[in-house]
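Please consult both while reading the points below.

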Amino acid sequence: MVGAKSHKVLIFALMAGILAFFYMPIISLMVFSFNDSRSLTSWSGFSLQWYEALFKNREMMMAITTTLSIALMSTFVATILGTLAAIGVSKSKRLVKELVLSVNNFPILNPEIVTAIGLMLLYSSLNIQKGYLTMLLAHIIFSTPYVILSVLPKLRRLDPDIAEAALDLGATPLEALWKVIVPMILPGIISGALIAFTMSFDDFVISYFVSGNGVKNISILVYTMSKRINPTINALSTILVVIITAVLLIVNLYPMLNKKKELKEAE
Amino acid sequence: MKGYASLVKPYIVWMSLFIVVPMLLIVLYAFTTSGNELISFRFTLDNFFRFFDPVFIKVLIKSLEVALITTILCIIIGYPIAYIIANASEKSQTLLILLITLPMWINMLVRTYAWISILSDGGLLNSLLEFIGLPPMKLMYTDFAVMLGMVYNFLPFMIISIYTVLAKLDKALIHASHDLGANPLQTFLRVVLPLSLPGVISGITLVFLPAVSTFVIPKFLGGGQYMLIGNLIENQFITVGEWNFGSAISLIMAFIIMASMMMTRKMDRDASENTGNEGGKLW
């Protein structure tokens, strides 16, 4: 039994160690965003000056707007494009299906930097000026394959007779699509949209190669600013971490709370 | 129903233009000389020959070395962690997985940037060393810093992919092995480990691929002079402007990555065949 006890202590120590490893940098980053001095290593007092600097910094505010607007728009387009493509693929002949899916896998399996330079070369051969629109288009291009991959499994489980029945009952193909097929594959569409959003929100490598003319998202800004120590990055990161943690907690805790509520009501 | 098949047509056009054409452009650039007009190309293999300079070969070997060590470290650290989580109570499993995946949602640049202040000369780690009476160490801009950054960024992928396999493992097999007289170590080595190999293999893909091609982590934690193949490509495109040479390097990198993926897949297949055979012998 002594063995079992020391076993437990060891397990606990390992888990604590790994969690410390994962969270120490993030916590230290957050703590020093409240530091009174520019130093990221020695604490000299509490202050909100870096948050003030952040909100006064036009470049940073622009980067936040760019990141959010590109993430929202690219998610919207990629979700529609990907869902329609997935429906088409699922009804296509085997050869077409295999061909489309293997090309579709390219941006997923390729290192990001390869996708990035491919798009950069495409824009330059078409003589397109790099800027906001090129970044938006790139984000739609790299996130659509993920939408397709997340919608397809739902379509595979869909009973083809149901859409057929809707058509027999007088629905136009568009109505059958919108009122019958889409609601049934909605979970796949939503998870695809979420993946597309996070991919776009976090993207650095592809944005870095395909944007220009001073258009920057948060990642590019962090990359260019981090060459010098800059606590405003810490302030910005802290806000991001807090928002992401809050969203994740709500998403993860909501079903749990609901379950508890149901249990209570059942009692 | 068949009518919906035509919905794929716009995407085929889209895909050809935005996925296939860019790939072809990389190939075209890699095999031509610079300064081409759109109509007349001059094909050449010089871009590839140029890569066989000891300087560049060294960079390639270094990238493979760093990515390989990172992958091995992720297996060594990730496997026990995944094993512990998979054997915890269901409630702790959900919580622990949430805690492990949470940092993955934070921007990779931010996570890597966070290490700079910890590893720097007067940083947290060195203060800790000082506190326990050890001499300060140069941590930033070393191989150690780069690999630490990589392990930090990619370890969650390894843990999650091993965990998903271990969590689905049929516990009856473990009981059966115990009942048949195997001690815990034998059970682990001959039942659990072989069955969890697919998780390890997919973890290797998820760690090795980004580790070979990243240029952010070496730039942040290795400094401006630290060169991995990703930095080399970035340099060719952003600073030097040698797009043809850069395309050739990317092709070489993509080729190496594809080859190593195929090798790991083959290993996976061989491994599952072997366990199948052993099962056959057992019966």
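Predicted model: local features only at pLDDT ≥ 70, side-chain atom pairs only at ≥ 80, totals over all residues.

In which crossing, right-handed or left-handed, does helix 8 of chain B pass helix 9 of chain B? The crossing of helix 8 of chain B with helix 9 of chain B is right-handed.

**Helix 8 and helix 9 of chain B**

- Helix 8 spans residues 171-179 of chain B and helix 9 spans residues 184-213; their axes come within 10 Å of each other and cross at roughly 145 degrees.
- From helix 8 of chain B, the residues B:Leu173, B:Ile174, B:Ser177 and B:His178 take part, meeting B:Thr187, B:Val191 and B:Val192 of helix 9 of chain B.
- By class, the residues of this contact are four nonpolar and three polar, with no charged residue.

**Helix 11 of chain B**

- Helix 11 of chain B covers residues 229-240, and its buried residues are B:Ile229, B:Gly230, B:Asn231, B:Leu232, B:Ile233, B:Glu234, B:Gln236 and B:Phe237.
- After helix 11 of chain B comes B:Gly241, which has a positive phi near 80 degrees.

**Overall form of chain B**

- Chain B contains twelve helices and zero strands.
- The radius of gyration of chain B is 24 Å, whereas a compact globule of 283 residues would have one near 19 Å.
- Along the principal axes, a box of roughly 75 × 70 × 40 Å is filled by the C-alpha atoms of chain B.
- Buried residues make up 39% of the 283 residues of chain B.
- Considering contacts in chain B between residues at least 6 apart in sequence, 72% join residues at least 24 apart.

**Contact between chain A and chain B**

- Chain A contributes 60 residues to the contact, and chain B contributes 60 residues.
- On the side of chain A that touches chain B, at least two residues each come from helix 1 (2-31), helix 3 (58-91), helix 4 (94-109), helix 5 (112-125), helix 7 (160-168), helix 11 (218-225) and helix 12 (231-266) of chain A.
- Helix 1 of chain A provides the largest share of that side, with ten residues.
- The side of chain A that touches chain B consists of 43 nonpolar, 14 polar and three charged residues.

**Domains of chain A**

- Chain A is divided into domain 1, residues 2-34, and domain 2, residues 58-232.
- A distance of 36 Å separates the C-alpha centres of domain 1 of chain A and domain 2 of chain A.

Definitions and conventions:
Residues numbered from 1 in each chain as written. Chains lettered and ligands numbered in written order. Contact = placed C-beta atoms within 7 Å. Helix = DSSP H or I, 4+ residues; strand = E, 2+ residues; numbered from the N terminus. Nonpolar A, V, L, I, M, F, W, Y, C, P; charged D, E, K, R; others polar. Domains from an automatic or database assignment. Buried ≥ 20, exposed ≤ 12 C-beta atoms within 10 Å, placed from the backbone. Rg over C-alpha atoms; globule rule 2.2 N^0.38 Å. Axes fitted to C-alpha atoms, helices over the stretch in contact; angles between N-to-C directions. Left-handed = near helix turned anticlockwise from the far one by under 90°.
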